[in-house]
Amino acid sequence: MNSTAPANALTLYRNGSVYSSADPFATAMLVDGGTVAWVGSEQAATSIQDDKMRVVDLQGALVAPGFVDSHVHLTETGLAASSVDLSGVRSLAEMLDAVAAEAGRTAGLIIGHGWDESGWTDRRVPTAAELDRASGNRSVYLARADVHCAVVSGTLAAELGLAALDGWEDGFVIRDAHETARTVSRSLSLTERARYQRAALDLAASQGIVAVAEMAAPHIAPAEDLRQLLGLEGSLGEAPSPQVLPYWGQLAQSESELAEIVSSFDGRLLGLAGDLNIDGSIGARTASLRAPYADAPETAGSLYLSAEQAARHVELATRAGLQAGFHVIGDAGLDTVIQALDLAAASVGEPAIRAAHHRLEHLELSDDSAIADLVRFGTTASMQPAFDALWGNEGGMYAQRLGERSTAMNRFASLFSAGVPVVFGSDAPVTALDPWRAVRAAVMHNNPAQRISARAAFIAHTRAGWRAAGTGNPMLGQLAPGTPASFAVWEADELMVQTPDASVASWSTDPRAGTPLLPALDTEQLPRCLQTVHLGTELYRAADFS
């Protein structure tokens, strides 16, 4: 939910730095209710200050447009935070020890999240029997970091009949077996969902995030999960929170199906897009590839929709004035999407496809030909820079799974230079709600040829996120007179301008650059959020920010 009541009628922020294209040297900003009234110099701030204003001394802090996280799963994020954290385990033995420890503390189903065997020395996941022994024959569901697969105990498998389903491999589950196990592990009441959603939204606000694109889908959570986020049932409470940009990833194959889906969310969906899966994930080896996996030559992944199904979905959404879109990671998966866009364009015309601004989530593996097609169709790429930081290093998961093809992953620079609209998100809980870490990951891509400037990465995580969602206000994501007061205040070690050579992490404090300053990202300490404000309403304030 979102509150629209302004915290203060007039607030003057001064003695800091304001990221504003209207004045790259601005040190002060005046907010009038929900609108930025003025940005300018310290000298000018002194001249306009009066006793009607609340004055905030920034003490050198940075005021910048608030972040938009363009791909999140809020309930999953809150649930992961309260589950067994397996992101730090470094071996199979450590994972089993964590399960045994949880079994000694709690009762009922054991839920864990975040393991990634690609960094383990043994690189082997536990069997169902091993989880049975560690848990004392308890039901166990442990989601991998990418949430596209899991390991489960024999007890849970027997209860659900998982061994008879597609995707079962002695406790390791993908496809149908995983969806069945995941659904049972997410059997939550509206009250429980509200608690997890509230926790995730509060965390987002504390990270300077003013809006989140919730990529809901029926295989992730039931419709009431998203309906609750939209205030259509249940309640999240009255505290203000980041704005929710709602997407629902359900396939529509007829006008009546589409109309029923849209009406069930009171017409408030931005699109039938998001995690409508064309394929799976690299980690689970279910992303659909043109050639088999380097470390599993018996498979080239899984394709969940045909080009014809995807084309019909795109056609229907286009005619209804909605964004369509898909989760797509592998190059063969992307081939299917391109074919679908071609088929849909044959029905409604390329101009209509371009005008709809359809979107693709993740888009990890692409080539120049596919990128050119995305430009032709006006398609937005919604991507997660933290994926490269986690898995794109030498010898990392991408290299293990793909071999030499790993250099073609997450081609930020290629997409930007070709003119594809790119937006950034976290895919939380897959990676953390940490936008500056995402910006840094894009700037310091493991493949130097795919690095982009800090300014380009920052815009992809702020203004571009609003535009990709088509929220109707082109001024969101900027700080200038007349724009919405939607921003965050940051404590940063140093503010700089990145030098023109984006292939290296070089920074300058030279004011002659005439470019708004951003935090230096080549330091160990990332910026700390002091305050988050959306449409004039305070969403978060650090205890030491006055």
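# Ring cluster, enclosed spaces and backbone of a predicted model

User: Is Trp 436 buried or exposed?

Analyst: This is a predicted model, in which local features need pLDDT of at least 70 and side-chain atom pairs count only at pLDDT 80 or more, while totals for chains, interfaces and linings use all residues. Residues are numbered from 1 along each chain as its sequence is written, and side-chain values use heavy atoms, with hydrogens and water left out. A residue is buried under 20% relative accessible area, exposed over 50% and partly exposed in between, for a 1.4 Å probe and protein chains only. Because the relative accessibility of Trp 436 is 2%, this residue counts as buried.

User: What kind of pair do the rings of Trp 436 and Trp 490 form?

Analyst: Rings of Phe, Tyr and Trp (its six-membered ring) pair if their centres lie within 6.5 Å, and planes under 30 degrees apart count as stacked, over 60 as edge-to-face and the rest as tilted. For Trp 436 and Trp 490 the centres are 5.6 Å apart and the planes stand at 80°, so the pair is edge-to-face.

User: How many residues apart are Trp 436 and Trp 490?

Analyst: Helices (H or I, at least four residues) and strands (E, at least two) are DSSP runs, numbered from the N terminus. Trp 490 is buried, with a relative accessible area of 2%. This pair links distant parts of the chain, since Trp 436 belongs to helix H17 and Trp 490 to strand E21 (residues 487-491), and their separation is 54 residues.

User: Which residues do ring pairs link into a cluster?

Analyst: The search of the whole structure finds 12 aromatic pairs. One of them is an edge-to-face pair of Phe 67 and Trp 436, with 5.1 Å centre to centre and 90° between the planes; this pair also links distant parts of the chain, joining strand E7 (residues 67-72) to helix H17 (residues 435-443) across 369 residues. Phe 67 is buried, at 0% relative accessible area. The cluster linked by ring pairs consists of Tyr 19, Phe 67, Trp 436, Phe 458 and Trp 490.

User: The charged end of which residue sits over the ring of Tyr 247?

Analyst: A charge sits over a ring if NZ of Lys or CZ of Arg is within 6 Å of the ring centre and within 35 degrees of the ring normal. Over the ring of Tyr 247, at 4.9 Å from its centre, sits the charged end of Arg 359.

User: Which elements give two or more residues to the lining of the largest cavity?

Analyst: On a 1 Å grid over the protein atoms alone, a cavity is a set of points where a 1.4 Å probe fits but cannot get out, a pocket is an open set with protein on both sides within 12 Å along at least five of seven lines, and lining residues have an atom within 4 Å of a point. The structure holds three cavities of 30 Å³ or more, and the largest has about 80 Å³ of space, where a volume is the space filled by probe spheres set on grid points joined across faces, edges and corners. Of its 13 lining residues, the closest to the centre are Thr 75, Glu 214, Ile 220, Ala 221 and Asp 225. The elements that give two or more residues to this lining are helix H2 (74-82) and strand E14 (209-216).

User: Which element gives the largest share of the lining of the largest pocket?

Analyst: The largest pocket has a volume of about 970 Å³, and of the 44 residues that line this pocket, the closest to its centre are Ser 87, Leu 390, Val 430, Thr 431 and Ala 432. At least two lining residues are supplied by each of H2, strand E9 (110-115), helix H14 (385-391) and H17. The largest share, six residues, comes from H14.

User: Where is Pro 429 found?

Analyst: A cis peptide bond, with omega about 15°, joins Ala 428 and Pro 429. Pro 429 is found in the loop between strand E20 (422-424) and H17.

User: What is the phi of Asn 15?

Analyst: Asn 15 lies in the loop between strand E1 (10-14) and strand E2 (17-18), and counts as partly exposed at 38% relative accessibility. Its phi is positive in a residue other than glycine, and is near 65°.
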